Amino acid sequence: MSLIISAIGQGLLWSVIGIGLYLTFRILDFPDMTVEGTFPMGAATAVTAIAHGINPVLATILAFIVGCLAGLVTGLLYTKAKIPVLLAGILVMTASYSIDLRIMGRPNLSLLGLPTLLSGHFLQSLPPYFDSVTLGLIVIAVVTVIVIYFLQTDLGQAFIATGDNENMAESLGINTDNMKIMGVSVSNGLIALGGALVAQNNGYADVNMGIGIIVVALASIIIGEVIFGDLTMNQRLVAVIVGSIIYRLVLLLVLQLGFNANDLNLISSILLAIFMGIPAFENRFHLKHVLKRGLKND
């Protein structure tokens with residue numbers, strides 16, 4: 001039971017990264033590779049700040065800001081320097097490795113014996129593993145409410161319009177370049193925030209902890225969409241959170257079946273491919289129509 005609770009806690013913490021990627025991948029239709037660099041950058045920033053005596057809350061906020069700056073660079077490279085979107089993300093992702101080494105001064109840094117967001121008196125008084133669940137619930141609730149509120153504002157609607165139809169958005173007087181820069185900045189800020197949370201939960205930061213992050217975040221998005229189907233924008237954000245938890249539970253099941261932990265990235269890729277292929281499989285064999293007809297007969 002403790003393993004399940006731990007997986008749920010991790011799913012909630014990692015769902016912040018899923019929400020961040022959702023802003024660019026689904027809403028803005030922006031295939032951003034920067035996420036593989038901003039995740040460890042957020043972790044490195046938070047852990048280093050904590051190691052230098054900065055309050056964990058301020059350290060986590062600092063990680064968010066650093067992530068926003070990295071996303072800002074990607075957005076400027078794409079919109080102003082006219083560098084292709086994938087290459088712009090790869091450039092920043094590659095540069096972030098050296099930046100992380102500069103921030104930490106070494107390839108990895110431990111939080112052993114140092115205060116974190118999880119070391120508060122209230123969280124420590126909870127049963128084992130419930131600290132990460134509680135922290136995850138608080139953070140993801142705040143993030144989700146803020147994102148939902150933002151998307152309902154005029155600025156948020158302009159952001160959505162840019163992703164839906166850029167030419168139409170421009171004809172309405174929307175500065176689509178600014179929308180892209182803003183979206184990529186906020187997205188990477190949230191991903192860096194997720195990196196800071198995961199690092200504090202794991203107790204360390206490592207320059208290589210961003211490998212495969214985009215697959216993990218995509219898995220949260222795709223699993224939620226496949227399971228819940230057609231949803232409103234707000235419901236999709238919640239589906240990403242549920243998808244992240246389900247993904248962690250599936251990984252737990254796989255490990256319990258005896259698979260090697262070193263194969264997690266391979267397993268993640270296979271899971272993502274399977275869930276991405278389910279809609280095509282359903283359409284090919286008309287499974288949705290068959291299921292609906294069966295339910296009506298019942």
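**A bent helix and its surroundings**

In this predicted model, helix α1 bends by about 35° at L21. Its length can be set against expectation: at 1.5 Å a residue, the 26 residues of α1 should span 38 Å, and the end C-alpha atoms lie 36 Å apart, so the two values agree. The helix is also mostly covered, with 19 of the 26 residues of α1 counted as buried. Just after α1 ends, D29 adopts a positive phi of about 55°.

One side chain that can be followed from here is W14, whose ring face has R248 lying over it, at 4.4 Å from the ring centre.

The next topic is the contacts between aromatic rings. A pair of aromatic rings is described by the distance of the centres and the angle of the planes. The structure holds three such aromatic pairs. One of them joins F30 and Y78 in an edge-to-face arrangement, with 5.2 Å from centre to centre and 90° between the planes. This pair links distant parts of the chain, since F30 belongs to the loop between α1 (2-27) and α2 (35-51), while Y78 belongs to helix α3 (residues 56-79), 48 residues apart. The two partners can also be described by their accessibility: F30 has a relative accessibility of 4% and therefore counts as buried, whereas Y78, with a relative accessible area of 25%, is partly exposed.

Another of the pairs is formed by F150 and F159, and this one is tilted, with the centres 6.0 Å apart and 55° between the planes.

An unreviewed UniProt entry places the feature "transmembrane region" at residues 12-28, 57-78, 85-105, 133-151, 181-199, 211-228, 237-258 and 264-281. Two of these annotated stretches can be compared with the model itself. Over residues 57-78 the chain is 100% helix and 0% strand, and the C-alpha atoms at the ends of the stretch are 32 Å apart. Residues 181-199 are likewise 100% helix and 0% strand, with 27 Å between the end C-alpha atoms.

Note on methods: Residues numbered from 1 in each chain as written. Predicted model: local features only at pLDDT ≥ 70, side-chain atom pairs only at ≥ 80, totals over all residues. Heavy atoms only, no water. Phe/Tyr/Trp six-rings, centres within 6.5 Å; stacked < 30°, edge-to-face > 60°. Helix = DSSP H or I, 4+ residues; strand = E, 2+ residues; numbered from the N terminus. Buried < 20%, exposed > 50% of the residue type's maximum accessible area, 1.4 Å probe, protein only. Lys NZ or Arg CZ within 6 Å of the ring centre and 35° of its normal. Expected span 1.5 Å × (residues − 1). Bend = angle between axes of the 7 residues up to and from the residue. UniProt positions renumbered as here; feature names shortened; annotations may be inferred.
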